[in-house]
Amino acid sequence: MSFRHEYPLDEYTFVEVIRESEPSNDAASEVQWQPRVELHLHAREANTGVDGSYVEVARMLLRSLEPIIPDFTANDFVQHGLKSVQPGKGYAHKLHDFIISHHKSFPFAIDNIYSTEPSLDNIYFVQRNQPRLYISESAKTFWGKRVKAGKAEYVEALKRFRITWE
C-alpha cells in the first residue's frame, strides 16, 4: 500500500502528499511505512482559468528520526529538505501551514516535525567543495519567522526547532 493524495487548498493550489510502504507478505499485519514523506505544493496562475496547468512551486521532504537518533519514535520527523522555486512567495510557509492543519488526516501518524541538525542527525548534504552543509542561514531565517508567528519553537535540549501544533 502506498499513500498518494491531493489536498486542494484553494482554486489555484493543491498539496500532494506521498508516502510509500514496505512490501508485506502478511495481509493482516500493520502497514510498515517508509521513513520518508514527500509534500509537493502545486499552483497555477490566477489568469489561466480552470484549464490552466499546475506547476510544482515548493517541495518538503520529511525523514523519520527514529533510526538516526535514540529517544525519537518512527512518528517524529526531521524536515530533511524544503525547496521553493520562487523564494519570497510564501510557498514554503503554505506547506508548513498545510502540515499543521492536515497532519491528523493522513493514514500514518506524524507526532512532530523538527528542523534538521546535520551534526546530530548524521545527515549530510554533499555539495561541491563542501561535504557537510549545516543548517543554512535561509533555514534559520525560515524557522525564525515560524517562531515569531507562533507556529514553531526552539527546543534548547534538542538544539533544533519544531512545529507547534494547533
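**Note on the predicted model: salt bridges, strands and aromatic pairs**

1. The side chains of Arg-59 and Glu-56 form a salt bridge with an N to O distance of 3.2 Å, where the term stands for a side-chain nitrogen of Lys or Arg within 4 Å of a carboxyl oxygen of Asp or Glu. Arg-59 is partly exposed at a relative accessible area of 37%, and Glu-56 is likewise partly exposed, at 24%; here buried means under 20% relative accessible area, exposed over 50%, and partly exposed in between, with a 1.4 Å probe and protein chains only. Elsewhere, salt bridges that share partners join Asp-97, Arg-146 and Lys-151 into one network.

2. On the basis of the note: this is a predicted model, in which local features need pLDDT of at least 70 and side-chain atom pairs count only at pLDDT 80 or more, while totals for chains, interfaces and linings use all residues. Residues are numbered from 1 along each chain as its sequence is written, and side-chain values use heavy atoms, with hydrogens and water left out.

3. The count of salt bridges comes to eight. One of them links Glu-16 with Arg-4, the closest N and O atoms being 2.9 Å apart; because Glu-16 lies in strand β2 and Arg-4 in strand β1, this pair ties together parts that are twelve residues apart in sequence. The two partners can be set side by side: Glu-16 is buried at 12% relative accessibility, whereas Arg-4 is exposed at 55%. Helices (H or I, at least four residues) and strands (E, at least two) are DSSP runs, numbered from the N terminus.

4. Glu-16 also has a place in the strand pairing, since it stands opposite His-40 in β3. Strand β2 (residues 13-19) and β3 pair in the antiparallel sense over six bridges, and β3 in turn pairs with strand β4 (residues 55-64), again in the antiparallel sense, over eight bridges; two strands are taken to pair if DSSP finds at least two bridges between them. Strand β3 (residues 36-43) is mostly covered, with six of its eight residues buried.

5. Within this part of the model, Glu-38 stands opposite Leu-61 in β4 and forms a salt bridge with Arg-36, with the closest N and O atoms 3.6 Å apart. Glu-38 is partly exposed, with a relative accessible area of 24%, and Arg-36 counts as partly exposed at 41%.

6. The structure holds eleven aromatic pairs, the rule being that rings of Phe, Tyr and Trp (its six-membered ring) pair if their centres lie within 6.5 Å, with planes under 30 degrees apart counted as stacked, over 60 as edge-to-face and the rest as tilted. The rings of Phe-3 and Phe-106 have centres 6.3 Å apart and planes at 55 degrees, and the pair is therefore tilted. Phe-3 lies in strand β1 (residues 3-8) and Phe-106 in the loop between α1 (91-102) and β6, so that this pair ties together parts 103 residues apart in sequence. Phe-3 is buried at 13% relative accessibility, and Phe-106 is buried at 6%.

7. Phe-3 and Phe-106 belong to one aromatic cluster, together with Tyr-7, Trp-33, Phe-98 and Phe-108. The charged end of Arg-19 sits over the ring of Phe-108, 4.9 Å from its centre; a charge is said to sit over a ring if NZ of Lys or CZ of Arg is within 6 Å of the ring centre and within 35 degrees of the ring normal.

8. Strand β5 (residues 76-84) and β6 run parallel and are joined by four bridges, with Asp-76 standing opposite Asn-112 in β6. β5, α1 and β6 make a right-handed β-α-β unit, a crossover being right-handed if, with the strands pointing away from the viewer, the path from the first strand over the helix to the second runs clockwise.

9. Ser-115 is placed in strand β6 (residues 112-115) and is buried, with a relative accessible area of 2%. Its side chain reaches the backbone nitrogen of Phe-161 at 2.8 Å, which can be read against the rule for a polar contact: a pair of N or O atoms within 3.5 Å, where, within protein, one must be able to donate a hydrogen and the other to accept it, and residues adjacent in sequence count only if both atoms are side-chain atoms.

10. Most residues other than glycine have a negative phi.
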